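Subject: Structure handover

Hello,

Here is the structure we spoke about, with the sequence alongside. My notes on it follow below.

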Amino acid sequence: AEGMLKNMAIHELALLASFYDVTVDNIESVVVDKDFSSMQTLPGPSGKEFTDFDKVKFTIKTKTGKAVSVQADRCGGDTSFAMVSDADGKEMFRHCMPDEEDEANVSVLEAKYPGAMPYFFSQDPDYITVKERVAKMCVTGEEALDIATIDIAIAALSVGEYLTPLMQKELSGTVASQ
């Protein structure tokens with residue numbers, strides 16, 4: 001099973017690899033926010049139990065001196081945001097998704113495609129952009145600008161593989177069974 005870090009939070013891990021030099025080899029330390037983070041053990045369709053995060057927050061410090069935090073919550077709703085702060089924690093920039101324009105598009109798409117997963121609607125414009133850029137690359141051979149490469153994907157998945165057991169060990173006393 002892929003788990004939260006290699007599914008829901010994989011986009012954030014790709015951003016860390018792209019913009020913060022986060023790779024398994026470059027991680028100096030990981031601090032898990034134990035007050036926010038938690039795991040659950042639940043039975044899968046086969047009856048076999050799986051343990052994974054239901055919400056997680058952590059900060060990675062790299063050997064090159066960068067620090068970046070990620071927070072994800074499976075039950076946190078459909079709104080995502082990214083925030084950049086300075087060394088003192090002062091917020092310098094924030095971007096929320098979906099924004100007002102996306103919200104208007106979500107309403108249209110919900111009516112057009114009832115029953116589809118809600119996150120598809122808020123990310124629809126981004127999916128279109130990615131598909132157009134990759135299709136253009138296939139036709140022209142030009143690099144697809146601002147699209148994660150296979151190297152970024154491998155780095156993100158590797159970081160997810162590295163973090164999962166490390167963070168599960170940190171949170172081992174907080175597993176809830178249902």
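A term to begin with: a residue is called buried under 20% relative accessible area, exposed over 50%, and partly exposed in between. Please also keep in mind that this is a predicted model.

By that cut-off Tyr127 is partly exposed, because its relative accessible area is 32%. Tyr127 sits in helix 4, which covers residues 124-140. Together with Met117, Tyr119 and Phe120, Tyr127 makes up a nonpolar patch on the surface, and the four share about 370 Å² of accessible area. Ile128 belongs to helix 4 as well. With a relative accessible area of 39%, Ile128 is partly exposed. Its C-alpha atom is separated by 21 Å from that of Ala9, a residue 119 places away along the chain.

Overall layout

The protein chain contains 5 helices and 7 strands. In sequence order the pattern is α-β-β-β-β-β-β-α-α-α-α-β. The C-alpha trace spans about 50 × 40 × 35 Å along its principal axes. Of the 178 residues in the chain, 27% are buried. The chain exposes about 11,900 Å², and carbon and sulfur atoms supply 55% of that area. Taking contacts between residues at least 6 apart in sequence, 58% join residues at least 24 apart.

Helix 2

Helix 2 runs over residues 100-112. Does its length agree or disagree with what its residue count predicts? At 1.5 Å a residue, its 13 residues should span 18 Å, and the end C-alpha atoms are 19 Å apart, so the two agree.

Which residues of helix 2 are buried? They are Asp102, Val106 and Leu109. Viewed down the helix axis, the buried residues fall within an arc of 75 degrees, and therefore they line one face of helix 2. That face packs against strand 6 (91-97), helix 3 (118-122) and helix 4. On the other side of helix 2, the exposed residues are Glu100, Glu101, Val108 and Ala111.

Salt bridges

Side chains of opposite charge can pair when their charged atoms come close. A search of the whole structure gives 8 salt bridges. Three of them are described here, starting with the pair of Glu161 and Lys6.

The side chains of Glu161 and Lys6 meet at 2.1 Å, N to O. Glu161 counts as partly exposed, at 45% relative accessibility. Lys6 is also partly exposed, with a relative accessible area of 21%.

Asp52 forms a salt bridge with Arg74, and the closest N and O atoms are 2.7 Å apart. Asp52 lies in strand 3 (residues 49-62), while Arg74 lies in the loop between strand 4 and strand 5, so the pair ties together parts that are 22 residues apart in sequence. Is Asp52 buried or exposed? At 17% relative accessibility, Asp52 counts as buried. Arg74, at 42%, counts as partly exposed.

The loop that holds Arg74 runs between strand 4 (67-73) and strand 5 (80-85). What does Arg74 touch, leaving aside its neighbours within four places in sequence? Its contacts are Gly3, Met4, Met8, Asp52, Phe53 and Asp54. The C-alpha atoms of Arg74 and Phe36, 38 residues apart along the chain, are separated by 12 Å.

Glu142 and Lys136 form another salt bridge, with 3.8 Å between the closest N and O atoms. Glu142 counts as partly exposed at 44% relative accessibility. Lys136 is partly exposed too, with a relative accessible area of 48%.

That is what I have for now.

Regards

Conventions: Residues are numbered from 1 along each chain as its sequence is written. This is a predicted model: local features need pLDDT of at least 70, side-chain atom pairs count only at pLDDT 80 or more; totals for chains, interfaces and linings use all residues. Side-chain values use heavy atoms; hydrogens and water are left out. Patches are made of residues with over 30% relative accessible area and no salt bridge: like charges are joined within 9 Å, nonpolar side chains (Val, Leu, Ile, Met, Phe, Trp, Tyr) within 5 Å. Accessible areas come from the Shrake-Rupley method with a 1.4 Å probe; for residues, only the protein chains shown count as cover. Helices (H or I, at least four residues) and strands (E, at least two) are DSSP runs, numbered from the N terminus. Buried means under 20% relative accessible area, exposed over 50%, partly exposed in between (1.4 Å probe, protein chains only). The expected span of a helix is 1.5 Å times one less than its number of residues. The arc is that of the directions from the helix axis to the C-beta atoms. Contact means heavy atoms within 4.5 Å.
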